[in-house]
Amino acid sequence: PLRLVVRAFGPYPGEQALDFTELRDRSLFLIHGPTGAGKTTILDAICFALYGSTSGAERDSKDMRSHAADPSARTEVVFDFSLGREAYRVARSPQQELPKKRGPGTKTEPPRASLWKRTGLPPDGPEGTVLASQWSRVTEEVERLFCFRVEQFRQVVLHPQGQFQKLLLSTS
């Protein structure tokens with residue numbers, strides 16, 4: 001992980017950014033804090049950005065919009081990551097109800113997803129080269145890049161809390 005930005009996602013009504021580059025070359029890290037601090041939401045956001053679903057099967061990605069967010073705030077997750085020497089950015093927004101631009105009422109915004117290759121670009125620079133730009137195509141490209149489906153990613157990379165026994169009892 002390089003950088004994670006969440007907007008109106010989970011318990012975060014505004015924008016929250018996490019800069020993983022501050023960890024430098026540390027490839028193993030622990031996310032800790034008191035109950036309710038938003039630790040699982042960080043994992044949900046990473047998994048949502050990559051695969052369009054949350055880190056645990058009990059939470060639906062469509063329900064990750066912050067209940068405390070301004071009604072006009074767009075729910076979105078942007079995740080910058082590297083694989084080897086290559087850098088990427090993925091952005092996803094779930095289906096959501098937003099106010100109409102003209103007149104009263106709301107309209108349903110469809111889910112959106114894009115994946116860019118950003119090798120050699122500065123963090124605040126251009127998006128990069130588009131690799132995929134539809135919800136399912138972004139997921140397929142992420143699966144190709146990581147060689148993991150979402151279930152495998154949850155089990156091997158994220159390891160959601162409360163599921164350690166499942167890891168111990170699973171087969172290869």
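Let's start with C147, which counts as exposed at 62% relative accessibility. Exposed here means over 50% relative accessible area, buried means under 20%, and partly exposed is in between, with a 1.4 Å probe and protein chains only. C147 sits in the loop between helix 2 and helix 3. Its phi is near 60°, a positive value in a residue other than glycine.

Before I go on, a word on what we are looking at. This is a predicted model, where local features need pLDDT of at least 70 and side-chain atom pairs count only at pLDDT 80 or more, while totals for chains, interfaces and linings use all residues. Residues are numbered from 1 along each chain as its sequence is written, and side-chain values use heavy atoms, with hydrogens and water left out.

You'll find R24 in the loop between strand 2 (12-19) and helix 1. R24 is exposed, with a relative accessible area of 68%.

Now let's step back to the whole chain. How many helices and strands does the protein chain have? There are 4 helices and 8 strands; these are DSSP runs, H or I of at least four residues for helices and E of at least two for strands, numbered from the N terminus. Along the sequence the pattern reads β-β-α-β-β-β-β-β-β-α-α-α. The chain has 172 residues, and 37% of them count as buried.

What about the surface? The protein chain exposes about 10700 Å², with carbon and sulfur atoms supplying 51% of that area. Those areas come from the Shrake-Rupley method with a 1.4 Å probe, and for residues only the protein chains shown count as cover.

As for contacts, meaning heavy atoms within 4.5 Å, take those in the chain with a separation of 6 or more: residues 24 or more positions apart account for 53% of them.

On to the inside. The largest nonpolar core has 28 residues, and L4, L50 and L115 have the most contacts inside it. By nonpolar core I mean a set of buried Ala, Val, Leu, Ile, Met, Phe, Trp, Tyr and Cys residues joined through side-chain atoms within 4.5 Å. Several elements each supply at least two residues of this core, including strand 1 (3-9), strand 7 (112-117) and helix 3 (150-158). Which element gives the most to this core? That is helix 1, with 8 residues.

Let me show you L4 close up. Leaving out residues up to four places away in sequence, L4 touches a list of residues that includes L18, F20, I42, I46 and F79.

That brings us to helix 1 itself. Helix 1 has 13 residues and reaches 19 Å from its first C-alpha to its last, close to the 18 Å expected at 1.5 Å a residue; the expected span is 1.5 Å times one less than the number of residues. Of those 13 residues, 11 are buried, so helix 1 is largely enclosed by the rest of the structure. Just after helix 1, G52 takes a positive phi of about 80°.

T41 is one of the residues in helix 1, and at 10% relative accessibility T41 counts as buried. Apart from residues up to four places away in sequence, T41 touches F9, G10, P11 and Y12. F48 is in helix 1 too, and F48 is buried, with a relative accessible area of 0%.

What does helix 1 meet in helix 2? F48, L50 and Y51 in helix 1 meet W135, T139, V142, E143 and F146 in helix 2. The two axes come within 7 Å and cross at roughly 105°. That makes helix 1 roughly perpendicular to helix 2. Axes are lines fitted to C-alpha atoms, for helices over the stretch in contact, with angles from 0 to 180 degrees between N-to-C directions. Angles under 35 degrees count as roughly parallel, over 145 as roughly antiparallel, 65 to 115 as roughly perpendicular and the rest as oblique.

Two pairs span these helices. F48 and T139 are 91 residues apart in sequence and 9.9 Å apart in space, C-alpha to C-alpha. E141 and L50 are 91 residues apart in sequence and 9.4 Å apart in space, again C-alpha to C-alpha.

Finally, E141, which lies in helix 2. Is E141 buried or exposed? E141 is buried, with a relative accessible area of 16%. Not counting residues up to four places away in sequence, E141 touches L115, L131 and A132.
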